[in-house]
Amino acid sequence: MKSKKFKSIVVILITAMAIYYLIPPTGRNLVDVFVETAKVEGDQVAQLESIVTRTRELESQNNQDNLSNQSFVNLSQAIGSENIEPWFGHKIKVPPVESEKSTRYILARLQKMAAGRLKLGLDLQGGMSFLVEVGESVVEKPAAGDPTNDQQKKTAAMEQTIEVLRKRVDRYGVAEPVIQPVGDRNILIQLPGLTQSERESVRTQLETAAVLEFKLVHPESSKWIADGIVPPMHEKLPIIQTDRTTGQQYTSYLIVKNAPESGLTGKYVKSAFVQPTITGVPQIVLNFNDEGSKLFGNVTSANVGRQLAIVLDGVIQSAPQIKDAINGGQATISGDFTVKEASDLVSVLENPLETPVRIVEQRGVDPTLGKDSIQSGIRASLVGVIGVLVFMLVYYMWAGWIAGAALLVNLILLLGCMASIESTLTLPGIAGIVLTVGMAVDANVLIFERIREELRQGKSLKGSINQGFDKVFSTIFDANITTVIASVILINFGTGPVKGFGTTLTIGILSSMFTALILTRLLLEFLLEKGVITKLKMMGVVGKTSIAFLTPGTRKVGMAVSAVVLTATLAYALFMRSDSNLGIDFTGGEYQMLAYNTEKKPDEQSIRSSLESAGIKEAIIQYQSSTLGGGGDASLKIITRDANVNVLGTLQNSFPEAAFSPLGSDFVGPSVGMAITKAALVSALIAVFAILFYVALRFEFSFAIAAVLALVHDVVITLGIFLALGGQINAPIIAALLTIFGFSINDTIVIFDRIREDLNLGIKGKFEELMNRAINQMLGRTIITSGTTLIAALALFIFGGSVIRDFALTFIIGIIVGTYSSVYIASSTVLWITKGERPKTDAPPTFDPEVTAAENAS
């Protein structure tokens, strides 16, 4: 009883925490929050109404253009020089600054209050676009005769810059930015839904070079500063300090060496993190790599008693005195940082730029999807979730209601965790969550089917529930842990969206295990104890079966079918249409900027339909407006895969009233670059070996080889069929393939676990017979799990529109192929490797379950 109370408290606390992070899920209009929060009286009421009226007029103008939300700018313009600080003193403590900065501070705080906890992607709500110009590389030019090509050098510098900027703005891989090269020296960076303060932070993150150097302070620095002289081989650098009495900051100077001591710079920093201090002011701890640790140890041991200045971008952050040699490979930067400043500094220190950059253009951007596409995608997602819930309620009856409750809590936990790490939801991401819902019912299906088996053996309902959960635990654990192994590897070795996918997949798996094993059991036991349920009725798709899945003939046919499909689809994809397998995310394309008549602007869906009717497919369409200096220059950005298509002519013919005219064009590189692709492939390869090791440890080596072979089979055949049907590989398709990766190994492990259980029970018969028996025992579960996931995928395919149709199609193929391979590839491979011989176990093959079931029934 105490255990149940403890588990109940844990479930309630975790669910409450998830709900806390989720509220409010969506954002509110900043003007509405401004009005509700302001506390005015007397003449201030009229002033407030005047500001709101002016703001509404400005918003109305922007809404006619359908551009990104400009409420912050509109309110700032409407307020002007008005002092609004007294209106918000009861809610917002404003630091002592001038009136203009006070207004920006208040609006920034209100904007944060108005923001929803769930961040939406560029495709759903738009965001900010930064065009960054890359300066000359700071890498030395190659010596004469060096075969290194200038173009290769520029490409390497550009790739390094892109990856550094990606890590700075997306440390956890969940922000869903778009980052791609434009022309030879520019990089386009788009981030979803930034508040005004976040925009300023991002600008700082992007432009800060983060050149970190360790320089010795001259022993007579004070004397040289007083005399106004800088000695040879030295320089005068500023250090910002705080007066301990008044708390005011002031700038002083120190004389330091020109060059870093022993070449000790930020390139030797392996990692950095923020550490709180007793005073509450955070400090930054640096960990050096092996070479840096030696250099730092040598510098500190040779200069005991001297000051060592820690210089960042030409400003001394601190200059502590070296009291003793430091050989631990760790240094500390102390300063007057806020937690946010310290965190931002850690980000740039861990990702130093080798090439300087500057922002040359900043624009607000509309969603890349039109309203119709967004609505159809969300509608399809709802249909998918409701479809799965209805099936569970009808099929499992009372147990289905419990599974439905667990599923809803699972969704709350998943979304709450995503909100807590500020993960961004895109339309394909929402579709992925729907598919996760379909897959998440698997644990409940395993539990209910096992309870059904125990009831068939004549056991009581309470005993069946206890035995069902106990016996199914290892199945759920192994099936999910193999997927967690893969997802954790994606987090550690992946980058960008690959890392983000691993993060959300790990959260989804852990939350589904938690709700299935703990919440479902608590609810079942509670209803049983209260007498609400005395029987657990369930429908049955299949009864007791004895289908011969693994006869020598069927195994050969299964292998032959896979070989033919694999060869045919890949041959067609690689040789017949090799030039069109990759989508625009991987190839890049032509970047065109068009001006237009804002009063006659067509919507995105109309433009997409016009381009598709002209044979121009897979175009990225986005309206933009300048936000630098409060300007509002509107433009339309269109990226197409093929540079030789007449986008401008097509739009001019279709929408003459919009008066489209060219502003400029350039080549845009892929948004999924080589670094992300390489990281994804390396992560997948490491995951395969990790799964191989785990399955070999938990089962048999033959099972491990078979599981990995089936996994590769499923992903490759799914991709081959998808490409043969005319699909193209883009970022959402990679996410779909990674999801299939998890589905495939999960399905295989569930069957293998039942085979292992029957082996350990010592059930009589040949190994082939025992495997057939296990597959038949799990047939109901296989059909239901694949069916519920298929319901979700079909809903996305039928109702989701063109944007997520390919994503859904890929997963439909993967579900069918994965279900097939668990029997005819994975199980057949085990029989082939073992040559039909039973693996040795502690239990001799003497147990007859039919006799035991008859005895229990009598």
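A search of the whole structure finds 26 salt bridges. The structure is a predicted model.

**Salt bridges**

- Side chains of opposite charge can pair when their charged atoms come close.
- Glu525 pairs with Lys4 in a salt bridge, and their closest N and O atoms are 3.8 Å apart. Glu525 belongs to helix H17 (residues 497–529) and Lys4 to helix H1 (residues 2–22), so this pair ties together parts that are 521 residues apart in sequence.
- Is Glu525 buried or exposed? Glu525 counts as buried, because its relative accessibility is 14% and the cut-off for buried is under 20%. Lys4 is partly exposed, at a relative accessible area of 26%.
- Lys471 forms a salt bridge with Glu454. Their closest N and O atoms are 3.2 Å apart. Lys471 sits in helix H16 (residues 461–493) and Glu454 in helix H15 (residues 427–456), 17 residues apart.
- Lys471 is partly exposed, with a relative accessible area of 28%. Glu454 is buried, with a relative accessible area of 1%.
- Arg756 and Asp478 also meet through their side chains in a salt bridge, at 2.7 Å from N to O. Arg756 is in helix H24 (residues 731–761) and Asp478 is in helix H16, so the pair ties together parts 278 residues apart in sequence.
- Arg756 counts as buried at 15% relative accessibility. Asp478 counts as buried too, at 0%.

**Helices H15 and H16**

- The axes of H15 and H16 come within 8 Å and cross at roughly 135°. That angle makes H15 oblique to H16.
- The crossing of H15 past H16 is right-handed.
- On the H15 side, the contact is made by Ala443, Leu446, Ile447, Arg450, Ile451, Glu454 and Leu455. On the H16 side, the contact residues include Leu461, Ile465, Gly468, Lys471 and Val472.
- The contact of H15 with H16 divides into 10 nonpolar, 4 polar and 3 charged residues.

**Helices H26 and H27**

- Helix H26 (residues 779–799) and helix H27 (residues 802–834) have axes that come within 8 Å and cross at roughly 165°. Are the two helices roughly parallel or roughly antiparallel? H26 and H27 are roughly antiparallel to each other, because angles over 145 degrees count as such.
- H26 passes H27 in a left-handed crossing.
- H26 brings residues including Thr782, Ser786, Leu790, Leu794 and Phe797 to the contact. H27 brings residues including Ile804, Arg805, Leu809, Phe811 and Ile815.
- The residues of this contact divide into 12 nonpolar, 4 polar and 1 charged.

**Backbone details**

- Most residues other than glycine have a negative phi, and most peptide bonds are trans.
- A cis peptide bond joins Ile23 and Pro24, with omega about -10°. Pro24 lies in the loop between H1 and helix H2 (30–37).
- Met233 is not a glycine, yet its phi is positive, at about 65°. Where is Met233 placed? Met233 is in the loop between helix H10 (221–227) and strand S6 (234–242). Met233 is exposed, with a relative accessible area of 64%.
- Ala659 has a positive phi of about 50°, and Ala659 is not a glycine either. Ala659 sits in the loop between helix H21 (647–654) and strand S18 (661–668). Ala659 is partly exposed, at a relative accessible area of 46%.

**A pair across the sequence**

- Val360 has its place in strand S13 (residues 357–365). Val360 is partly exposed, with a relative accessible area of 33%.
- How many residues separate Val360 and Glu133 in sequence? They are 227 residues apart in sequence, and their C-alpha atoms are 6.4 Å apart in space.

Conventions: Residues are numbered from 1 along each chain as its sequence is written. This is a predicted model: local features need pLDDT of at least 70, side-chain atom pairs count only at pLDDT 80 or more; totals for chains, interfaces and linings use all residues. Side-chain values use heavy atoms; hydrogens and water are left out. Axes are lines fitted to C-alpha atoms, for helices over the stretch in contact, and angles run from 0 to 180 degrees between N-to-C directions. Helices (H or I, at least four residues) and strands (E, at least two) are DSSP runs, numbered from the N terminus. Angles under 35 degrees count as roughly parallel, over 145 as roughly antiparallel, 65 to 115 as roughly perpendicular and the rest as oblique. A crossing is left-handed if the near helix is turned anticlockwise from the far one by less than a right angle, and right-handed if clockwise. Contact means heavy atoms within 4.5 Å. Ala, Val, Leu, Ile, Met, Phe, Trp, Tyr, Cys and Pro count as nonpolar, Asp, Glu, Lys and Arg as charged, and the others, Gly among them, as polar. A salt bridge is a side-chain nitrogen of Lys or Arg within 4 Å of a carboxyl oxygen of Asp or Glu. Buried means under 20% relative accessible area, exposed over 50%, partly exposed in between (1.4 Å probe, protein chains only).
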